[in-house]
Amino acid sequence: MFSTTSHIGRKSQMKPTSRHLLPIRNDSFFQSLMGINLRIDALFGHRFSRSSKPVNSANPKTLNNAFQSVEGKNKLGAARLVDKYFYTEDICRIRLEPIDALDYHAGQFINLQTSESCNRSYAITNTPLEGDYLELHIRRKLNGEMSNWLLDEFEVNDYIHFSSAMGNCYYAQQHRKRPLVFISTGAGAGGLYGIVKDALHHEHQGPMYFYHGCRDNESLYLTHLLTELQNETSNFYYLPSITREKSSDTVLHGRCNQYVMANLMLFSNAVFYISGNAGMVKDTRSQLIEKGIQPKDILVMPFESKDLRKTPRDQ
Ligand SMILES: Cc1cc2nc3c(=O)[nH]c(=O)nc-3n(C[C@H](O)[C@H](O)[C@H](O)COP(=O)(O)OP(=O)(O)OC[C@H]3O[C@@H](n4cnc5c(N)ncnc54)[C@H](O)[C@@H]3O)c2cc1C
């Protein structure tokens with residue numbers, strides 16, 4: 001079910017976009033969910049306004065005490081890069097083989113460190129059962145120090161330092177019968193995909209709704225895997241959305257969190273997982289709490305980067 005692609009190397013061998021490969025699910029509930037979504041899109045889709053909050057303005061420590069400082073005070077281990085695969089030119093999957101065994105859950109994060117000053121967090125996208133490696137999905141940030149280095153310079157068999165796994169954004173078996181709603185933007189889908197795999201391993205019984213919001217079709221980099229999963233799994237629903245290109249029968253138009261809020265009545269007793277753009281995570285969490293969802297039922301992974309910068313850019 002999961003991709004077994006081996007080392008592919010650099011940009012020249014990236015996978016072709018799968019935007020045209022998404023089949024329409026032949027399932028009346030899914031059709032009605034997409035139908036509701038598309039009707040909402042028709043009403044509001046082109047009027048969704050951008051959040052007034054700047055991206056990455058949230059402090060992760062204020063978000064449900066979700067995790068420790070991204071600077072990570074814990075001891076660092078070393079890991080070897082064993083596989084590198086480009087989903088698109090700007091989104092890459094890396095697999096690291098730690099020298100020492102590591103306890104972790106899919107959906108937690110580790111810090112990678114290349115120097116005293118360059119220390120960044122990345123979500124773990126695989127379960128321990130998939131192999132003796134840690135898988136991360138890295139999205140290139142324009143002029144970003146670590147992401148560009150990981151995508152362009154870090155080679156198979158190179159070593160890197162990393163922290164132990166942190167965070168509470170992972171699957172809990174006591175939720176086995178409850179609906180799970182996954183809300184992600186960009187590379188935030190990676191950690192949540194890991195949680196879905198963990199849930200399936202534990203034979204999760206409730207429905208799982210996976211919302212992934214991006215700018216364009218190409219950035220929906222997990223479409224082929226999530227569509228395959230949807231076709232094979234009766235309780236998994238994949239709901240991709242884009243903001244900058246036209247929608248289709250299978251891809252919604254607009255922001256993924258707006259669709260979740262508009263469909264909230266369908267997600268009674270659900271556990272919500274939110275990952276990606278820190279502004280989106282913070283806003284969606286606040287909106288869910290305003291609608292009466294208990295904070296303990298919302299697990300978050302905001303991609304915060306503010307804390308990592310020690311000096312303003314121009315100094
Ligand atoms: C818990 C957590 C989990 C995360 N998981 C993932 C994940 O799974 N995948 C993923 O891709 N990312 C993830 N991130 C984000 C990741 O940690 C990095 O922030 C991201 O990769 C960018 O790092 P960078 O070094 O490439 O960019 P940076 O060098 O930190 O730059 C980020 C942006 O800020 C600008 N900038 C840089 N320095 C300055 C400065 N001094 N002043 C002003 N602007 C500046 C850059 O131009 C760039 O646009 C996660 C973040 C957190 C907190």
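**Ground rules.** I number residues from 1 along each chain as its sequence is written. The model is predicted, so I keep to pLDDT of at least 70 for local features and count side-chain atom pairs only at pLDDT 80 or more, while totals for chains, interfaces and linings use all residues.

**Overview.** I began with the protein's secondary structure and found six helices and twelve strands. Both are DSSP runs numbered from the N terminus: helices are H or I with at least four residues, strands are E with at least two. Of the 315 residues, 43% are buried (20 or more other C-beta atoms, placed from the backbone, lie within 10 Å of the residue's own). I then looked at contacts (C-beta atoms, placed from the backbone, within 7 Å). Among those with a separation of 6 or more, 75% join residues 24 or more positions apart.

For angles, axes are lines fitted to C-alpha atoms (for helices, over the stretch in contact), and values run from 0 to 180 degrees between N-to-C directions. I followed β3 (109-115) to β4 and found six bridges in the antiparallel sense; Q113 has N119 in β4 as its bridge partner.

**Helix α2.** Which residues of α2 are buried? I noted M146, S147, L150 and L151. They fall within an arc of 125 degrees seen down the axis of α2, so they line one face of the helix; the arc is that of the directions from the helix axis to the C-beta atoms. Their cover includes β2, β3, β4 and β5.

**The parallel sheet.** I then turned to an open sheet of six strands with parallel pairing, ordered β10-β9-β8-β7-β11-β12. Its edge strands, β10 (252-253) and β12 (298-303), each pair on one side only. Two bridges join β9 (236-242) to β10, and S241 has L252 in β10 as its bridge partner. Helix α4 (223-232) packs on the sheet, touching β8 (208-214) and β9, at about 150 degrees to β9. Last, I found α6 (278-290) across β7 (180-185), β11 (271-277) and β12, at about 155 degrees to β11.

Definitions and conventions:
Pairing = 2+ DSSP bridges. Contact = placed C-beta atoms within 7 Å. Buried ≥ 20, exposed ≤ 12 C-beta atoms within 10 Å, placed from the backbone.
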